[in-house]
Amino acid sequence: MPVLVYRYSAFFLFCFFFGLLTADEVCAQPILRSSVKGIVLDAQTMEPLTGASIQLVGANPPLACSSDETGRFRLKGVPIGSAELKVSFIGYATLISDPLVISSGKEADITVYLKQTGINGKEVEVKGEYRKGETLNRMASVSIRPFSVDETFRFPGTYNDPARMAQNFAGVTSGIDNRNDIIVRGNSPAGLQWRIDDMEIPNPNHFAAVGTTGGPVTVLNDNLLTNSDFLTGSFPAQYGNTTAGVFDLRMKTGNSSRHEFWFGAGWNGLEFGSEGPFSEKSSASYIFSYRISMLQLLSYTGIKMDVVPQYQDLSFKLTIPLKRAGILNITGMGGLSYIQLFDSRKDQQDWMFPDYGENLANGSNLGVLGLTHQATLKPGLRMKTMLYAVGSLVYTQIDTFSNVARTPSPWAGERSSEVKLAFSSRIYKKFSAVSSLESGFSYDHFFMHFADSMMYKSNFEVHTGTKEQMDFLRAYTQWSSSLFAPVELKAGIYGSWLPMNNSWAVEPRIGLDWKVSDMHTLNFGAGMYSQMPPHVVYFQIDRLPAGSLTQPNRNLDFIRSLQSALSYDFKPSGILHLKTEIYYQYLYDLPVKSSIPQYSLINEGHDFFLNRQYSDSLISKGTGSNYGIEFTFERYYNKQYYFLFTASVYNSTYTAYDNVRRNSAFGVNYVLNAVGGYDFVVGKRKWGILSLGLRATYAGGNPYVPFDVAATVASGETMMDWPASFSVRYPDYKRASLRFGLKRNLPGYNIEFIMDMQYRTNYTNVYLQRIDPKTGEIRDFFAMGFFPMVTWRIQF
């Protein structure tokens with residue numbers, strides 16, 4: 001595999017520099033220009049603002065335009081390089097945007113949110129109002145961090161993956177190197193909720209597993225995403241059925257003025273996409289992107305490879321204005337993936353163990369399709385209604401063989417699928433510039449089919465084998481108002497009901513924002529939260545002594561949590577931000593079991609499988625706690641450079657059936673991140689940008705459950721030393737990434753080359769540990785120490 005990577009890297013380098021060498025005529029061209037498109041919205045109701053003024057900062061002669069009746073604008077003739085916009089509207093605070101990267105062949109896109117000031121007929125300038133520490137969700141007070149798509153392109157080591165980019169944020173750790181799990185404040189990554197345009201979606205990764213939210217390759221395409229929010233706790237009332245975190249992603253609207261295209265090749269695959277209007281006379285637009293695994297394509301040419309990850313995905317969004325009836329969006333996303341990891345194709349010395357090996361075949365599919373209608377019923381009153389379907393399928397087969405019995409025989413298998421039909425509606429009402437209300441409800445109906453089994457003591461042990469349906473109903477309301485000039489109160493309540501077992505929750509939420517001065521802000525948030533266990537857990541099978549089967553987990557309660565957080569923000573300038581936050585979370589009604597009194601379901605969720613061998617016969621009696629402090633110091637991208645330093649110190653513990661407090665599986669205790677970069681403008685006419693970036697991570701080692709070697713050898717089956725659960729740790733985690741990029745702007749298009757080089761200390765970063773049941777030998781498997789990722793892209 002490394003040899004192939006280097007060969008393909010050389011191929012991409014050749015293509016890129018060939019493109020540069022054949023474009024010498026650009027030197028004779030005048031300064032290149034492009035356009036900036038976007039939309040201006042009211043920050044509270046998301047209503048479009050007609051007639052807002054958009055000006056290019058520092059332009060001489062002045063360059064300006066205004067937003068149309070839908071709030072959209074297109075500013076033409078912007079010189080390539082970096083640009084800031086000044087956006088103003090009567091009665092609203094004026095803002096100066098973050099620097100936008102202006103490239104030829106691709107219009108920059110921005111969504112602007114303006115705050116009403118309550119001072120009619122006047123303009124109040126608030127520099128840096130947009131994105132610089134401000135979030136899209138104005139109801140969230142604490143534990144929220146906005147991010148831009150530029151950061152997923154710019155941060156080293158992200159592979160253009162929003163999940164890996166978020167691993168740089170305070171309070172976030174990663175699981176193992178070859179996955180993008182997001183572990184928030186010591187919570188299981190299974191507690192994370194993914195949303196795309198307010199639709200709750202299952203695990204958005206290729207090679208996904210039931211009961212997890214991470215994977216090795218994301219299905220999400222950052223070319224279709226726009227600025228979004230990432231929440232790490234104490235959420236406002238609109239978010240439910242989650243206890244760990246929320247990735248609230250937004251998909252951008254296609255260009256309604258001109259057609260644009262892009263093509264790329266790299267580690268993530270071969271990709272092409274387009275956006276533009278339906279027709280010259282139509283204001284409706286589309287945007288889509290398709291990607292397929294590069295190694296899968298190369299395998300079709302006859303190139304021999306031991307492992308070929310096969311995956312492909314498609315994402316799209318159609319936006320159809322309905323004149324006075326609002327806007328209709330049709331959003332879709334799908335992914336297919338399959339891989340074979342066969343020891344039988346290797347030499348014996350490369351098997352899992354010296355005298356036996358495994359053949360693993362795994363695949364997963366994902367589909368999302370949604371209709372969203374938004375309309376302004378009257379000034380200050382907006383309604384949003386969604387109807388969508390999501391589906392997922394996971395299938396796995398594991399066969400084993402030995403040096404004696406060379407023919408593989410079945411050892412474990414799974415085929416699990418879920419389909420959700422969902423309807424939701426919400427209404428936004430703005431009473432004044434300082435007071436607003438939001439309410440909504442949702443109904444989900446699930447169709448589920450779970451089937452899996454595993455060989456245990458020479459017999460197949462069935463864990464699931466059922467077809468089920470269930471409903472889930474939720475509602476919320478939240479209100480925001482200024483108590484007095486510098487203090488804003490945000491209060492709400494969320495409720496949910498699972499009729500299948502009559503589990504229910506009524507959860508109050510509160511937030512307080514106190515703007516002490518222009519540079520200092522104090523924020524507080526608290527509330528009650530709950531989440532269903534992974535659906536498959538409800539339907540696990542247990543065999544009674546008489547031989548009959550039962551589903552003992554069917555009446556499990558929600559996993560519940562009480563959370564609070566207090567933060568202090570210091571912004572000495574428009575581009576510098578210092579933040580510290582302390583938090584406490586108390587978890588209760590955690591699923592535990594009496595037969596393994598040290599086990600808790602809260603420790604699952606960061607692997608390629610949910611261990612169903614242990615997750616049967618559970619009861620909701622466990623507890624846990626997470627508390628810590630986080631520090632963030634960042635310089636937003638400005639004048640060609642940026643940096644971000646984060647530090648998190650925390651404690652994560654749980655109590656299982658035996659009532660003994662232990663470290664949780666995700667209690668690494670400390671995480672340090674540093675990331676930064678600089679863009680060198682190339683050429684007097686700014687024809688290109690040379691980018692350099694560096695990232696470093698240092699974290700405590702993950703606790704784990706050790707093997708019981710003596711019991712394993714005696715029984716011939718893998719046995720865990722449960723009394724020693726999470727009392728031992730892997731060594732500390734270390735990783736460094738270097739990013740090199742070069743973009744060349746040419747008339748009508750641009751070419752970009754990126755190389756992301758990661759060094760993982762492969763003598764410490766254990767990603768898999770296995771035991772040989774015959775000999776008791778424990779083998780550690782490590783991620784590749786040095787791993788270069790290469791991407792080449794053209795936009796036109």
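In the predicted model, an open sheet is built from three strands in the order β4-β1-β9, and its pairing is mixed. The edges are taken by β4 (72-79) and β9 (108-114), each of which has a single partner strand, so one side of each is left without a neighbour in the sheet. From one strand to the next, the twist averages 25°. Strand β1 (residues 33-42) pairs with β4 in the antiparallel sense, over six bridges. Within this pairing, Ser 34 has Val 78 in β4 as its bridge partner.

A further antiparallel pairing joins strand β41 (residues 688-699) to β44 over 12 bridges. Here the bridge partner of Ser 691 is Gly 741 in β44. Strand β44 (residues 733-746) is mostly covered, with 10 of its 14 residues buried. In a regular strand, side chains alternate between the two faces of the sheet.

Aromatic contacts were examined next. A pair of aromatic rings is described by the distance of the centres and the angle of the planes. The search of the whole structure finds 33 aromatic pairs. In one of them, the ring centres of Phe 207 and Tyr 311 are 6.2 Å apart and the planes stand at 90°, so the pair is edge-to-face. This pair links distant parts of the chain: Phe 207 belongs to the loop between β16 (205-206) and β17 (217-218), whereas Tyr 311 belongs to strand β23 (residues 310-321), and the two are 104 residues apart. Phe 207 and Tyr 311 are both buried. An edge-to-face pair is also formed by Phe 235 and Tyr 239, with 6.5 Å from centre to centre and 75° between the planes. Phe 235 has a relative accessible area of 1% and is therefore buried. Tyr 239 counts as buried because its relative accessibility is 0%. One aromatic cluster is made up of Phe 147, Phe 169, Trp 194, Phe 230 and Phe 247.

Rings also meet a charged group. The charged end of Arg 154 sits over the ring of Tyr 637, at 3.9 Å from its centre. The charged end of Arg 154 sits over the ring of Tyr 642 as well, at 5.9 Å from the ring centre.

Ser 435 is placed in strand β28 (residues 435-456). With a relative accessibility of 12%, Ser 435 counts as buried. Its side chain makes a polar contact of 3.3 Å with the side chain of Trp 479. When neighbours within four places in sequence are left aside, the contacts of Ser 435 are Gln 44, Lys 430, Trp 479, Ser 480 and Ser 481.

Several backbone features fall in loops. The peptide bond from Asn 60 to Pro 61 is cis, with omega near 5°. Pro 61 is located in the loop between β2 (53-56) and β3 (64-66). Asn 659, a residue other than glycine, has a positive phi, near 65°. This asparagine, Asn 659, lies in the loop between β38 (641-655) and β39 (661-663). The relative accessible area of Asn 659 is 64%, so the residue is exposed. Phe 726 likewise is not a glycine but has a positive phi, of about 60°. The loop that holds Phe 726 runs between α6 (709-715) and β43 (728-729). With a relative accessible area of 8%, Phe 726 is buried.

Key
Residues numbered from 1 in each chain as written. Predicted model: local features only at pLDDT ≥ 70, side-chain atom pairs only at ≥ 80, totals over all residues. Heavy atoms only, no water. Phe/Tyr/Trp six-rings, centres within 6.5 Å; stacked < 30°, edge-to-face > 60°. Helix = DSSP H or I, 4+ residues; strand = E, 2+ residues; numbered from the N terminus. Buried < 20%, exposed > 50% of the residue type's maximum accessible area, 1.4 Å probe, protein only. Lys NZ or Arg CZ within 6 Å of the ring centre and 35° of its normal. Polar contact = N/O pair within 3.5 Å; in protein donor to acceptor, adjacent residues only side chain to side chain. Contact = heavy atoms within 4.5 Å. Pairing = 2+ DSSP bridges. Axes fitted to C-alpha atoms, helices over the stretch in contact; angles between N-to-C directions.
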